[in-house]
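The following note is intended for a colleague who is new to this structure.

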Amino acid sequence: MKQWLAETHGPNFELFRHFLVRFFDSDLVTTPGQWTKVLIGAFSLLIPVFLMVFPSLAHKYAYLSSLASPEPYRHAMRADELWQITLAMSVVGLLAAVEWHALFPGIRDYLSLGTLPVRPRQIFLAKFLALFALISAAIAVVNATPTLAFAGLAHGRWEPNPSFAAHLMAHGAACALASYFLCFALTACQGILLNVLPPRLFALVTGYVQGLAITLMLVLIVLSVSIDSTVEMSVLRPELSKWLPPVWFLGLYQTLLGNPEPRFRPLAARALIGLGVAAGLALLSYLVSYQRHRRLFVEGTGARRREGKLGRRLLDFTIPNPRQQAVFVFMARTLARSAQHRMVLMGYLGFCLAMVLSGIVGLRETPGAPRIFKPNQLVMASFVNAHLVLLIGLLIGLRHLFSIPAELRANWIFRITEREGRSQWLRAIDRFVLFWLVPVILLVPLPLEIVLLGARAAGELMVFAVGGLLVYERLFFEAEKLPFTCSYLPGKRPAWTIVLAFIGVVSLLPVANLMLVSLLESRITALLFVALLVVTWTWIHRLRELSWAELPLMYEEAPEPAVRTLNLSAR
């Protein structure tokens, strides 16, 4: 087999292999194939996660099976089936949304393959087959463990069809087809935009559509765990079920199990029709758009936009230092022009919004919530939770965003002028982060907070304004990169350590929420806490400024060496 793969087998197969192997490669990554290691590490974490979740489900079903009525058991089973379908769709859809730019051939493909004796249709067909193979592999990995485990749980006393094989087939088919539906729908959406919109408008709209898709997928992933029997009964109402694709495939799931209820057959039919329409539109968009797509990428998307005089005057007034102004404008224009960086930022924002919504739902519906927070503290707790999640999440997101380069080969201009401008550049980063972050997190919801909280909104504003500065100093204390100028090496930190850190932060959020809500109840305590934060921030900020003169910036990120040397011979 290895020898057969090493040989050449015709243009169609070689094009397919080229696209499949290079699907996640990027000029922004130092080491080729690094994204593949990241994905393998991320998907490998799914198995232990599901192995920890399903024992609790087994205990739940054992208890519900002991009840006299079958309805609680069946509602709980359908709710968990809907959760599994939604989660599978969202995870695979997130992968497709992240690789939005790779759903169609890109400029590198045209430049490298344009001189070869292959037809554009062959390039598009090979790209579509590689995309289908990659999606199929992701669907198999995401659904393998849940399908086996969930089929083994379906043996309760009130289970209408206790057959392991029937549940295995129904669960696997429903989750896989739902994932295919969403991926084909995203591909068809990009194809329709490509054929309908003018080139300049397509370049603008497609980046925001990608960010919106990533945001939606992250929201669905986080909120899917909140699906319970109440949600299941609500979404199965006819006026809602016909608009919700996950519910369509729940109907397909129940139909494959042989559920005799008549409400599931129309949903199953809608699922199969929707899958066929999405797949047909995706394939059709590939067939009819290859000429326009090639012309769009090779010829460009139009002229540059003119900059306004008002923005220039405002920038001169707020940032008079020319070196700081240059870095500030460089960062702002990179975010405005780079769809990849906007996608990452919107992804973090979507995940934070999902966490905020999940926290609000927990405060309102969790039975233990009233014992922790008094009824008059729930509004304050909701705002504190939102500020905590957005503040920490967006600051971590900005640090990750700054590590992704924009045009790596153009960083020479920063290298040759680093000695003269390093300190001013780092001060410009501070201004940029605080200029964008403060309005988004603190000032935008402030009018609503004043209406709902009254004078307590001022105390909360002060605490989170100074607390945000302190969190920023901690996250950027050892920042060794100028934003968008250093090569990027994903997977340098093992995925399991990131997951453990995330679990630790999420676990501490309720504790921090409770402490801050209690602290804000007293004005004197809140003022003392703000004063302590100001003193701490001043000390840390001073230490960070002192390190700027000797801090060398990094422009090339390399993997950790297998053996670390002691540098004893260095002088």
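1. Of the 571 residues of the chain, 44% are buried (under 20% relative accessible area, 1.4 Å probe, protein chains only). The model is predicted, with local features requiring pLDDT of at least 70 and side-chain atom pairs pLDDT 80 or more, while totals for chains, interfaces and linings use all residues. Residues are numbered from 1 along each chain as its sequence is written, and side-chain values use heavy atoms, without hydrogens and water.

2. The secondary structure consists of 25 helices and 0 strands (DSSP runs numbered from the N terminus: H or I of at least four residues for helices, E of at least two for strands).

3. Helix α5 (residues 71-98) packs against helix α8 (residues 164-196) at about 35 degrees, with the axes 8 Å apart (lines fitted to C-alpha atoms over the stretch in contact, with angles from 0 to 180 degrees between N-to-C directions). Residues of α5 including Ile85, Met89 and Val92 meet residues of α8, among them Cys175, Phe181 and Leu186 (contact means heavy atoms within 4.5 Å).

4. Helix α8 also packs with helix α12 (residues 245-256), at an angle of about 155 degrees and with the axes 9 Å apart. The two helices, α8 and α12, are therefore roughly antiparallel (angles over 145 degrees). On the α8 side the contact includes Met169, Leu177 and Phe181; on the α12 side, Trp248, Phe249 and Tyr253 are among the residues involved.

How values were computed:
Buried < 20%, exposed > 50% of the residue type's maximum accessible area, 1.4 Å probe, protein only. Parallel < 35°, antiparallel > 145°, perpendicular 65-115°, else oblique.
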